[in-house]
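Hi,

Here is the structure I promised to pass on. Have a look through it first, and my notes on what turned up follow below.

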Amino acid sequence: MSKPDKKKPSAEPEIMEKLVALSKQRGFVFQSSEIYGGLKSCYDYGPLGTELKRNVKAEWWRAMVTTREDIVGIDASIIMHPNVWRASGHLATFSDPMVDCKDCKERGRSDKWPKAEKGAEVEYKVVVDHQSGKKETRKGAVGDLAIVCPNCGSPNLSDIRRFNLMFRTSLGSIDPLETISRRLEGKALSGEELRKVLADAIDETAVYLRPETAQAMFTNFLNVQQAMRMKIPFGIAQQGKSFRNEITVEHFTFRSCEFEQMEMEFFCHPPEFKPEGEKSDMEWFEYWSNARLAWYSNLGIRKEKLRLRPHAADELSHYAKGCNDVEYDYPWGWGELEGIAHRSDYDLKQHEKHSGKKLTYFDPQANKHYHPYVIEPAAGADRAALAFLIDAYTEEPPPPGTNEGRTVLKLHPRLSPIKVAVFPLVKKEGMPESARKIVGEFSKSGIKAVYDEKDAIGRRYRRQDECGTPYCITVDGQTAQDGSVTIRERDSMKQDRIQVADAVKVVQNRLAE
């Protein structure tokens, strides 16, 4: 099994800059709270970004739930009982190793910082005058951590501290500050004593924003199984917001503190209870790994930009029988797009132990109660949307005899925010009215369509190319004569004449391909 590749120098260092600019210009993604200077790692989806992400989630739900009889969905609360996170281990172990550079004050995860040989002398530059940007060259020996600062290269680092990734808040009518002030009144406490009093007071009403959607599917295992009369093997799926107080946020929406997950827990037979002819737990693990890899390529991501990377033994959790990452070749290098984990029966047993409630499945064939094994495909709607955008972003050179190229988002038509744009060739002779009627027919059929009459027809085409719109329909002088319009396909720019009466059906058929 292979370990993750080191970050490579980008072959297209400017692509993310261009994509971020296009995302703002065309209404895909905005910096959150931009008028106040923005908030690091927080983004708002604009009109087109909202449609894109909704389409990504709809395609996932269609593939994972709607078209299958063995998977059902839930929509659980973001705030759960704190004991859920004690049982899952998140309160005790869900943390990152944080380190600070003492020279440039960079802060980040020590496991992500550049490796260096312990004891080796390195030379680095530190800004000593921030107004002029003047730098000073220094030398130092690499310490026991065997890493250096990714910003300035300094080996002069702090000790590692654990940084819990969960967002804590309080639930109830009692203000934690009142509890704290009451407990501290008239007391002179040392640092450790003070910390304990504060922690105990906060814990009385503490709850957490969920860092993942998975745990609700485990705590609701029996509710769902009994209510829907599900038989092993079966799955529970969920989409929803999760929150992680990440030390390092990076690469636009790739890693942020608030994100939307698309997860499924697939419960299957443990080896000792597998019926003859059924898939084994490891066969289900391979099945879901390959199925999830294929989902991305089926929706347009180039196969050569995708791979399935098995985790090495030292990357696996102690309870995991295996884990595969679907990885995408981002402009900054290969990175995780989705993880498929074989979690054995760990989660159900943990929640059974901490809650005191039985979470076993009764198998009528085996006439036994047992804890099923779990295969977990876990994807992110934001990360998937970003990968689709990056892969779709294309700059085409000018055709022969012209001097104007084009930027186009070659999104899969089912993911495209706008499916059809309808133009009147000119703003007279009844063309705008005819075009608006066509838009109305598409809207009645549930197909997202827009009307656009501004600028020359060529500029309108280019604008829709940048929005990823797969089809453009133009009403012209011939429309009034024979009831036909021009339909232009985005990627090939090929144009055909079709009847107005057939327009909706033609697009529906193409979207179904």
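Tryptophan 332 has a relative accessible area of 10%, so with the cut-off for buried at under 20%, tryptophan 332 counts as buried in this predicted model. Its partner in an edge-to-face aromatic pair is phenylalanine 254, with 5.3 Å from centre to centre and 75° between the planes. Phenylalanine 254 sits in the loop between β12 and β13, and tryptophan 332 in the loop between β15 and β16, so the pair ties together parts that are 78 residues apart in sequence. Phenylalanine 254 is buried too, at 7% relative accessibility.

Another edge-to-face pair joins tyrosine 328 and tyrosine 330, with ring centres 5.0 Å apart and planes at 85°. Tyrosine 328 is buried at 0% relative accessible area, and tyrosine 330 is buried at 1%. The structure holds 21 aromatic pairs, and ring pairs also link Phe218, Phe221, Phe234 and Phe267 into a cluster.

Now to the core. The largest nonpolar core has 52 residues, and Val56, Trp288, Tyr296 and Phe388 touch the most other members. Among the elements that give two or more residues to this core are α1, α2, α9 and α11, and α11 gives the most, with 9 residues.

Happy to chat about any of it.

Best wishes

Definitions and conventions
Residues numbered from 1 in each chain as written. Predicted model: local features only at pLDDT ≥ 70, side-chain atom pairs only at ≥ 80, totals over all residues. Heavy atoms only, no water. Core = buried A, V, L, I, M, F, W, Y, C linked by side-chain atoms within 4.5 Å. Buried < 20%, exposed > 50% of the residue type's maximum accessible area, 1.4 Å probe, protein only. Helix = DSSP H or I, 4+ residues; strand = E, 2+ residues; numbered from the N terminus. Phe/Tyr/Trp six-rings, centres within 6.5 Å; stacked < 30°, edge-to-face > 60°.
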